[in-house]
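These are my notebook entries on one structure. I kept each entry brief and recorded what I looked up.

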Amino acid sequence: MPDGDLISAPIITSRLLHSPASVSQTTYGLGGVECEIAFRFAREPVPGKGRFAREQIIEAIDGACAAIEIVDSRWTTAFSTPRNAMIADLLSNGALVVGAMNKNWRDVAFNTLQARLGINGITVCQSSGGHPNGDLIGLLTMFANDLRERGLVLRPGEIVTTGSYTGFHTARSGEEIVAEFDGFSPVSVAFQQL
């Protein structure tokens with residue numbers, strides 16, 4: 001959140017897709033897309049002295065991948081809703097499309113990572129270190145501690161996404177969206193023709 005507060009919501013299992021994916025209009029809805037990096041947990045992190053430190057989070061992760069978040073909202077005022085309504089709306093997550101896992105993710109400089117969003121072969125956004133925070137492990141650590149305070153845990157196999165590198169863009173029916181990050185396999189999703 002702009003005020004520095006952490007806000008999170010689950011990704012519905014049936015809406016976690018693997019690239020290349022093809023989705024219907026009932027899934028892509030408003031057609032919003034964002035390029036993100038997601039992390040997969042191999043095991044539940046073990047806290048030290050009551051809280052998680054970066055090291056415990058790093059040790060629990062077995063891979064990272066490029067991802068496309070499909071942004072859709074159940075509200076007509078999607079981008080000006082109150083906090084509780086945003087959470088009930090799963091933070092406008094329509095689906096998450098993930099690419100192949102990179103086991104060498106520890107070598108990646110996320111704060112300077114090159115990202116490219118293409119729609120129908122045309123680059124609509126390219127960024128270098130475009131994530132608003134850049135410290136993705138710091139975000140994951142904050143997230144794990146927030147879950148712990150609420151009595152929740154990160155479980156093996158769970159995938160956590162960390163926010164957009166390219167900002168919000170829209171695609172239309174019949175278009176193909178591709179996200180590319182240096183050092184990661186590309187990820188793609190096609191919006192089925194109406």
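**Entry: Ser 164.** I looked up the polar contacts of this side chain, taking a polar contact as a pair of N or O atoms within 3.5 Å, where within protein one must be able to donate a hydrogen and the other to accept it, and where residues adjacent in sequence count only if both atoms are side-chain atoms. The side chain of Ser 164 reaches the backbone nitrogen of Thr 166 at 3.1 Å, and it reaches the backbone nitrogen of Gly 167 at 2.7 Å. The model is a predicted one, in which local features need pLDDT of at least 70 and side-chain atom pairs count only at pLDDT 80 or more, while totals for chains, interfaces and linings use all residues. Residues are numbered from 1 along each chain as its sequence is written, and side-chain values use heavy atoms, with hydrogens and water left out.

I placed Ser 164 in strand β8 (residues 159–164); helices (H or I, at least four residues) and strands (E, at least two) are DSSP runs numbered from the N terminus. Ser 164 is buried, at a relative accessible area of 13%; buried means under 20%, exposed over 50%, and partly exposed in between (1.4 Å probe, protein chains only). I then listed its contacts, a contact being heavy atoms within 4.5 Å. Not counting residues up to four places away in sequence, Ser 164 touches Glu 34, Cys 35, Glu 36, Gly 130, His 131 and Pro 132.

**Entry: cysteines.** The structure holds zero disulfides. For Cys 35, the nearest cysteine sulfur is that of Cys 125, 7.4 Å away.

**Entry: nonpolar cores.** I use the term nonpolar core for a set of buried Ala, Val, Leu, Ile, Met, Phe, Trp, Tyr and Cys residues joined through side-chain atoms within 4.5 Å. The largest one has 44 residues, and Ile 37, Phe 39 and Phe 110 have the most contacts inside it. Helix α4 (residues 136–149) gives the most to this core, namely seven residues. Another core lies apart from it; this has six residues, among them Ala 38, Cys 65, Val 98 and Ile 159.

Beyond four places in sequence, its contacts include Ile 61, Trp 105, Phe 110, Leu 136, Ile 137, Leu 140 and Val 160. Phe 39 stands opposite Ala 64 in β4. Strand β3 (residues 32–41) and β4 run antiparallel and are joined by 10 bridges. In β4 (residues 61–71), 10 of the 11 residues are buried.

**Entry: the five-stranded sheet.** Which strands form the open sheet, and in what order? I recorded five strands in the order β2-β11-β10-β6-β7, with mixed pairing; two strands pair if DSSP finds at least two bridges between them. At the edges are β2 (21–23) and β7 (122–128), each pairing on one side only. I also recorded that β2 and strand β11 (residues 187–191) pair in the parallel sense over three bridges, with Ser 22 opposite Ala 190.

Val 23 is found in strand β2 and counts as buried, at 3% relative accessibility. Val 23 and Phe 191 are 168 residues apart in sequence, yet 5.4 Å apart in space, C-alpha to C-alpha. Leaving aside neighbours within four places, Val 23 is in contact with residues including Leu 17, Tyr 28, Ile 70, Val 189 and Gln 192.

**Entry: Glu 175.** I located Glu 175 in the loop between β9 (169–170) and β10 (176–181). Is this residue, Glu 175, buried or exposed? Glu 175 is buried, with a relative accessible area of 12%.

**Entry: whole chain.** The protein chain has four helices and 11 strands. Of its 194 residues, 45% are buried. Among contacts between residues at least 6 apart in sequence, 74% join residues at least 24 apart.

Notes:
A disulfide is a pair of cysteine sulfur atoms within 2.5 Å.
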